Amino acid sequence: MTATQDRRPGVGTRTPGRGTPLAGREPSFLGAWNSAVTSYYVLVGASALLVVVGLVMVLSSSSVESLADGDSPYTVFLDQAKYALIGLPALLVLSRTPVRLIRAAAWPVLGAAVLFQMLVFTPLGCGAGGNRNWVCLPGFSAQPSETVKLALAVWLGAVLTRKLALLHEWKHALVPAVPVAGVAIGAVLLGHDLGTALVLVLLVAGAMFVAGVPLRVFAVAGAVAAAGVAVLAIGSENRVNRIMSWLSATCDVTNECYQTLHGGWGLATGGLGGLGLGESREKWSYLPAAHNDFIFAILGEELGLVGTLLVLGLFALLAFAMVRVIRRHPDPFVKITTAGICAWVVGQATINIAVVIGLAPVIGVPLPLVSAGGSALIVTMAALGVLISFARSEPGAAEALAARPSVVRRSLAVIGRTRG
């Protein structure tokens, strides 16, 4: 097959200046975005930038509270940097893991994640504010529900792919996907972690939608999930107060609406260009969870509209790359798993930002890759490693990446030209 016969983006194409006529060619900008490795580079670049932005903002937003607690101003930042360094090998290893191995691990990984989640109901479990969603040991703590997200996405991809030809029948569309996902989400709900449960519902919905589950079955499963979440919300007086205060025209700004009010003040104070990095006023013990759930408000206060649009743009790039993988990859397992992870990461970011700007009640959902939190950062980076592995196996991507000159060879070439 000649270069002109193969129409797949990024495979067998010629570059200008090597004898290829320019007439009829796409503009170079569109050609670059249609490359076989676009998804790979967008995922790598956007993920790296979000982690860097997160580290900078965690340092800025947490330093005052750390000093108030008698610690070093770098305490939370150093912890977050440590978690990022732990997540980096996980990302790199999973990005090089073949798709077939990721699929083969679906059942064992989900079983391990659910068992890990059940540890929160043993003497090892701990929590705060009515939630019991942590496993605590001396010098170590983890949030098992974060591992359930990635495990459930991979498991749904494997199961729905195997039953792809039967999904038009309601019993095959629901079993075993909905019961097993219900057990995983129920284990999280038992720990009263409503925010994570909502994200898991979005994850399941995204995977089932891309798998082609009929909308009528989709609607039934969604109604059951919504009913379960509503029962949990009603069962907590604190959550009911927050939801009712959000729905009410008047709200107690010294109690339920205090956090949302100060988050809005932070965003409003930032204006277009922000007060400057490190110059936030709300982080001086005015805004609770400034380095965690409400870090977007501090980012807007210090970096202004420009900073918030930058973060929104990076999440939009992640969504673009994930949708591109779904559209281009021939493997249904990759498509469905990517859809689940996309609904999780982008959906969680949307919920977090909606809470900060007052479009949703406060439910305690961090901003992926940006908010402080070790378990969330490590597992999200691992999930991005899985997506990068998928992007590497897109049609033409492996060949294009293998054809790149290595860093060592490029460096030696530069040195050789310099000496010459």
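This report walks through some aromatic pairs, a helix packing and a few backbone features of a predicted model.

## About the model

Residues are numbered from 1 along each chain as its sequence is written. Because the model is predicted, local features need pLDDT of at least 70 and side-chain atom pairs count only at pLDDT 80 or more, while totals for chains, interfaces and linings use all residues, and side-chain values use heavy atoms, with hydrogens and water left out.

## Aromatic pairs

Let's start with the rings. The structure holds three aromatic pairs. Rings of Phe, Tyr and Trp (its six-membered ring) pair if their centres lie within 6.5 Å; planes under 30 degrees apart count as stacked, over 60 as edge-to-face and the rest as tilted. One of the pairs joins tyrosine 40 and tyrosine 41, edge-to-face, with 5.1 Å from centre to centre and 75° between the planes. Tyrosine 40 has 12% relative accessibility and so counts as buried, whereas tyrosine 41, at 40%, is partly exposed. Here buried means under 20% relative accessible area, exposed means over 50%, and partly exposed lies in between (1.4 Å probe, protein chains only).

Another pair is formed by tryptophan 107 and tryptophan 155: the ring centres are 5.3 Å apart and the planes stand at 90°, so this pair is edge-to-face too. It links distant parts of the chain, with tryptophan 107 in helix α5 (residues 106-118) and tryptophan 155 in helix α6 (residues 144-162), 48 residues apart. Helices (H or I, at least four residues) are DSSP runs, numbered from the N terminus. Tryptophan 107 is partly exposed, with a relative accessible area of 46%, while tryptophan 155 is buried at 0%.

## Helices α3 and α15

Next comes a helix packing. The axes of helix α3 (residues 75-95) and helix α15 (residues 374-392) come within 8 Å and cross at roughly 25°. This makes α3 roughly parallel to α15, since angles under 35 degrees count as roughly parallel, over 145 as roughly antiparallel, 65 to 115 as roughly perpendicular and the rest as oblique. The axes are lines fitted to C-alpha atoms over the stretch in contact, and angles run from 0 to 180 degrees between N-to-C directions.

Residues making the contact (heavy atoms within 4.5 Å) include Tyr83, Ile86 and Leu91 of α3 and Leu377, Met381 and Arg392 of α15. The contact residues divide into 14 nonpolar, six polar and one charged. In this grouping, Ala, Val, Leu, Ile, Met, Phe, Trp, Tyr, Cys and Pro count as nonpolar, Asp, Glu, Lys and Arg as charged, and the others, Gly among them, as polar.

## Backbone features in loops

The loops deserve a look as well. The peptide bond from valine 175 to proline 176 is cis, with omega near 5°. Proline 176 sits in the loop between α7 (170-174) and α8 (177-190).

Histidine 192 has a positive phi of about 65° although it is not a glycine. Its place is the loop between α8 and α9 (194-211), and histidine 192 is partly exposed at 34% relative accessibility. Serine 285, also not a glycine, has a positive phi of about 65°. Serine 285 lies in the loop between α12 (258-270) and α13 (295-328), and is partly exposed with a relative accessible area of 45%.

## Glycine 228

Finally, glycine 228 belongs to helix α10 (residues 215-234) and is partly exposed, at 31% relative accessible area. Glycine 228 and alanine 197 are 31 residues apart in sequence and 9.8 Å apart in space, C-alpha to C-alpha.

Key. Helix = DSSP H or I, 4+ residues; strand = E, 2+ residues; numbered from the N terminus.
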